[in-house]
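Please look over the structure shown here before reading on. The report that follows takes up a few of its features in turn.

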Amino acid sequence: MKRKKLFFGTLAALIILACTVVTAFASDGGDYTPTMYATFWALVPPIVAIVLALITKEVYSSLFIGIVIGGIFYAGPHFSTIIQHIFRTGLVGAVADADNVEILLFVELLGIMVCLMTKAGGSVAFGKWAGEHIKSRVGAQLVTILLGLLIFVDDGFNCLTVGTVMRPVTDEHKISRAKLAYIIDSTAAPICIIAPISSWAAAVTGFVEGENGFALFIKAIPYNYYALFTIVMLFALTLFKMDFGPMRTHERNAFEKGDLFTTPDRPYGDDSDEEDHANGGVIDLVFPVIALIACCIIGIIYTGGFFSGVGFITAFSESEAALGLMIGSFFGMLITIIFYAVRKTMKIGDSIKCIPEGAKTMIPPMIILILAWTLKAMTVSLGASEYVAGVVDAAKGGLFYFLPAIIFVVAVFLSFSTGTSWGTFGILIPIVVAVFAGKDETMLVLSISACMAGAVCGDHCSPISDTTIMSSAGARCSHVNHVSTQLPYAITVACVSFVTYILAGFIRRAVICLPIGVVLMVAVLFVIKKITGRKQAVAG
């Protein structure tokens, strides 16, 4: 009851504040540009949405409140314009965007694949097989991490595939859904941003104009501290058998009480009713996953022109990842249905019944994605990108050696507020190239890596990020639980990365800075373990 009163009280206060501020800033005549355009106010709607989601533990209405505030900031006291901007420019625009539709269909198709593998008994069979071969919680977590590192083609594909394959295993070893979501999220974007053959490498390369973008991406890998330290932290947490912050509560509940969720939320349904078919075997999960990976890779290079004579690397760098994943997952689904029919694991009629059932399970993440995209549209219309670009440009003067650390922080904040890594690349990388290209190649590489690392960090922390949302979906974990348990871990890595970027700005040698950063990361975890004490470690 208190939480509801707080929620509605906060909502009323925010809307009144928004109306008051907009009225005070109202402008007259001319081509319409919001008075708050390219000011700090452009970042207020997503910040409000994120803070409300963390306070109220309710993501749908929190996102919508942020959207409404963005509409008010944009249109001022004009009610009809507010409605038009929210629904036509925002919601309809998000759903009508071709790339967004492709992502939604990709999510739906993977939901159907999960349903197919579950109904065929593949998930249960794999869980039993893994239970016989993976003997400990540490082993289950390590296998999940390694699988996440192997699927580096695309982050969204990584999230949903790793969740599908490893959820039965982590459930068997009483690993909380929040911890599974954290492992998935930490091996999605962080591995994609340091893998040369990935949709992320293609995106970064596309934003570098006038330079060899792919060569710069390769050179930036050893300076991409947040991604590298996140992976180091994953292994360290697992091997040290430690957790801290809200994650500790979730892990203790899972290990001691068998409660994988901690909170009552079951937004993706309860998995306890998964059907175990007598004909199902491990092959009924392994083959569909391999087929899915192969089809998605073929789909990506197809959209890049590989089958028209373009080279493999070039096809990746020029691909349309969302379209390729959608096409690949569709053919992966068809192959799976035929495979089950040939093996007589499941009749085609039963497989067809999985289409609406599997699609239905993905409705919650789809709604969150649509609302998140709409909120991003609000920030774009308010000039958030231009405001942040101005901040970076103003900082480049007297803080030259601290610039990589500054760019890292700005990228974190922008990506966190807007929920988009790629959007952050598009804003900051052209600025960095313009400042350093042809003048200081080392600082150019360092600054691009800081931009990429900061964008991934902000994306990792943000509740409105596509990757964060799909990690929750892959683990079938409450989205707010995933965000709140992951945040302390992400902030810890961000702090170590920030310090390492300060060192790198002066030393400017990866062979020195990277080992120092790794040692610092491990040392920080030892200190946390010492402070929190042995009681906070869950037995393996």
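Are phenylalanine 339 and tyrosine 340 buried or exposed? In this predicted model, both phenylalanine 339 and tyrosine 340 are buried.

## The chain as a whole

The secondary structure of the chain consists of 26 helices and zero strands, and of its 540 residues, 57% are buried. Among the contacts with a separation of 6 or more, 80% are between residues 24 or more positions apart. The accessible surface of the chain is about 21200 Å², and carbon and sulfur atoms account for 68% of that surface.

## Aromatic pairs

A search of the whole structure finds 15 aromatic pairs. In one of them, the ring centres of phenylalanine 287 and phenylalanine 339 lie 4.1 Å apart with the planes at 20 degrees, so this pair counts as stacked. The pair links distant parts of the chain, since phenylalanine 287 belongs to helix α15 (residues 283-303) and phenylalanine 339 to helix α17 (residues 321-343), 52 residues apart. Phenylalanine 287 is partly exposed, with a relative accessible area of 30%, whereas phenylalanine 339, at 16%, counts as buried.

Phenylalanine 339 also pairs with tyrosine 340: the centres of these two rings are 6.0 Å apart and their planes stand at 50 degrees, so the pair is tilted. Elsewhere, ring pairs join Tyr223, Tyr225, Phe229, Phe408 and Tyr501 into a cluster.

## Helix α7 and threonine 144

Helix α7 has 14 residues and reaches 20 Å from its first C-alpha to its last, which is close to the 20 Å expected at 1.5 Å a residue. Its buried residues, including Val138, Ile145 and Leu149, pack against α8 (155-172), α9 (177-186), α10 (189-192), α13 (225-240) and α14 (246-257).

Threonine 144 lies in this helix, which covers residues 137-150, and with a relative accessible area of 0% this threonine is buried. Leaving aside residues up to four places away in sequence, threonine 144 touches Val162, Met166, Thr170, Leu180 and Ile183.

Methods
Residues are numbered from 1 along each chain as its sequence is written. This is a predicted model: local features need pLDDT of at least 70, side-chain atom pairs count only at pLDDT 80 or more; totals for chains, interfaces and linings use all residues. Side-chain values use heavy atoms; hydrogens and water are left out. Helices (H or I, at least four residues) and strands (E, at least two) are DSSP runs, numbered from the N terminus. Buried means under 20% relative accessible area, exposed over 50%, partly exposed in between (1.4 Å probe, protein chains only). Contact means heavy atoms within 4.5 Å. The expected span of a helix is 1.5 Å times one less than its number of residues. Accessible areas come from the Shrake-Rupley method with a 1.4 Å probe; for residues, only the protein chains shown count as cover. Rings of Phe, Tyr and Trp (its six-membered ring) pair if their centres lie within 6.5 Å; planes under 30 degrees apart count as stacked, over 60 as edge-to-face and the rest as tilted.
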